[in-house]
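Thank you all for coming.

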Amino acid sequence: MELVERLKKKFEVIGFKKQRKDLFIVETTKKDLIPMLFYLKEYEGFRTLTLISYVDWIEEGKFQLSYILWNSRTKDNIIVEFRLDREKPDFETIYRMWPQAEAYEREIHEMFGVNFEGNPTQHEELILEDWDDIPPMRRDFDTLKYSMERFGERESKSGINIRKEISEQYDEWRRK
Amino acid sequence: MDKDKYFLNEKPGKLTYSGVFKRIDDWTRARSLWVVAYGTGCGAIEIRPTFTSRFDAERLGMRMAGTPRQADVIIISGYLTVKTLKRVIRVYEQMQSPKYVVALGACPINGGMYYDSYNAINKLDLYLPVDVWVTGCMPRPEAILAGFKRLQELIDSGRADGWKKYIENLDWYRENQKKIIKNWRMPNYNW
Amino acid sequence: MVARIFYAFLILLGGIAYGLLLGGISRKITARLQNRRGPTIFQNFIDVWKLFRKKTAISHGVMFYLAPMFRLVGGAGTFLLVPIVVGHPYLSNFSFGGDLIVIMYFMVLGCLGMALGAAESGHPHSPIAVTRGLSLMAGYELPFVVSVVVLMIADKTTTVEGIVRAQQGGILHWHIFTHPFAAAAAFISLLGMMMSYPFQVVMAPQEIPIGPPTEYSSSFLSYMFSGRSVFAVAKYVLFMDLFLGGATNLGWAFLKTFLIFLWPLFITNVFPRFKLEQAVSFFWTWPTLIGLIDLIRIYIVR
């Protein structure tokens, strides 16, 4: 628990959790995130950015961005996360610290619509060519409706619409 | 650059073939299927064992062609996203005329496990004329070989005429293709 | 004269058919070596017919159309210049005095036509393959020329017919036994000519899928296919004439060319591939040096 004490001394730490022996989760604020990443990289030895992950908390009206770092010496992982306003998802790029972040940010921009200010390639299309709807990974995007409208649906000979039934069952399961 | 020189924009004329050699043509076409080596989805992993020593598709006269110009068959192997569909249409139109489409798996038929995906198409036959469907998720090489046997039968009896349908109903296919490929940055026609 | 042309035409068709059959046999043998069934030995005939009857709707300019013709003419020309059975009124083909040099020119013609046509097609893989093909040709031509020069000096003739006549009188008079080093050099350069596997940089199916004819389709490809087959047969016949004592009738010709055909085939099935610079430097050192041994030997023995 030394790490969290050191972090708390310097930054605003909202939540801390030790998930596993070698996995820590730190929640911080938007203002403190980039200084904290810089501190972890340069002072604590978490020199590898493994992944930038993303959660859509639609009920709270927030987005959550998680930066997963790895310390190659002590084999520790740390997840630094913070919440972002869902209506106005603007943030800054970290690709100067880790060049590989450019591609992750580009994907998140495409799939969730977060604007990473300063990322030079985020407006180029990665997977979706000529997308004209809301970003498809947001939870308020109805993929089934979109798929039916855009790609059509094959009529079954027996008259039973298996797709609809499966999707209703899935929705029921998800509500639980 | 003169665009018309490279993109033949007009529709080809009447493409019915007949004559003395028709029977020999069908017989040879059935026994010499060259498959364009282009995997569109997960099913491409089943193509390798089909064509190598274990299942040996070469004994049916099939082989991989490195370029669409020389190929007869294109395999739609599994799910097809909008982005890939764009390329597949280009590849299909570059193939020379007696050409056939084989669709593998459940995804090209009705979307399969990607039935509600925002990016995978659900009905392939809206966009390309499919000659043989092979069902399964994924079909094993045995099933793929059975599908090719069926394709050979169809060609041999002169019933595999998807390529003729494509030329005759080109406007309908184009309309469907343009419906989902919003920004059509391809030449309208290039055989 | 009319009969001559008619028979030449027949011989050419026979050469193409024999080349396609050899191609089918090689596919079958390769398949058996890889423990699978393989296609029928007539598969290449089926392929050529299918390609010939396919439709074409590609245009890349005049040279694009001419290149397959160059290829076919290069193959057929070489084939028609090499005497199959020396002394036979028709089967000795159009051999004449000094024809060995003309044959060596003709062997380059198909390659050059291919290069022009492939460059016209504009596909990025084609120029890569053409560069490789021409460099490889510069590689294997050298040992081949050395061994041919050895034979020319030894027999004091520049005709294939003269070289065949010099080998008559028993199996030990064949050049493969009298000039073994020159023969070794030539047979190694045959591997390069046939583009069999250690020197298979031109078609290189893993990198530049099919090489120069990437843009070619349908009937163009079938012309190219038959041109290549007849060219291969021409090379086998030439090697038979130069090193295996020619043939006195068609039966011997078939047997000897078939034996020569097996040599690159079995090499190709067990070797991986050289890089281009490795292949060229290999040709310029080992086979060339081996051939030079015989050249020096001839001068010393005299």
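Predicted model: local features only at pLDDT ≥ 70, side-chain atom pairs only at ≥ 80, totals over all residues.

**Cores and chain C**

The largest nonpolar core has 85 residues, and those with the most contacts inside it are C:Ala186 and C:Phe239. By a nonpolar core I mean a set of buried Ala, Val, Leu, Ile, Met, Phe, Trp, Tyr and Cys residues joined through C-beta atoms within 7 Å; a residue is buried if 20 or more other C-beta atoms, placed from the backbone, lie within 10 Å of its own. Helix α9 of chain C, residues 218-243, gives the largest share of this core, 17 residues, where helices are DSSP runs of H or I with at least four residues, numbered from the N terminus. There is also a second, separate core of 45 residues, which includes B:Tyr92 and B:Tyr127.

Residues are numbered from 1 along each chain as its sequence is written, and chains are lettered from A and ligands numbered from 1 in the order in which they are written.

Turning to chain C, we find eleven helices and zero strands, and buried residues make up 49% of its 302 residues. Its C-alpha trace spans about 60 × 50 × 40 Å along the principal axes.

Lastly, the contact between chains B and C takes 22 residues from chain B and 27 residues from chain C, two residues being in contact if their C-beta atoms, placed from the backbone, lie within 7 Å.

How values were computed. Buried ≥ 20, exposed ≤ 12 C-beta atoms within 10 Å, placed from the backbone. Helix = DSSP H or I, 4+ residues; strand = E, 2+ residues; numbered from the N terminus.
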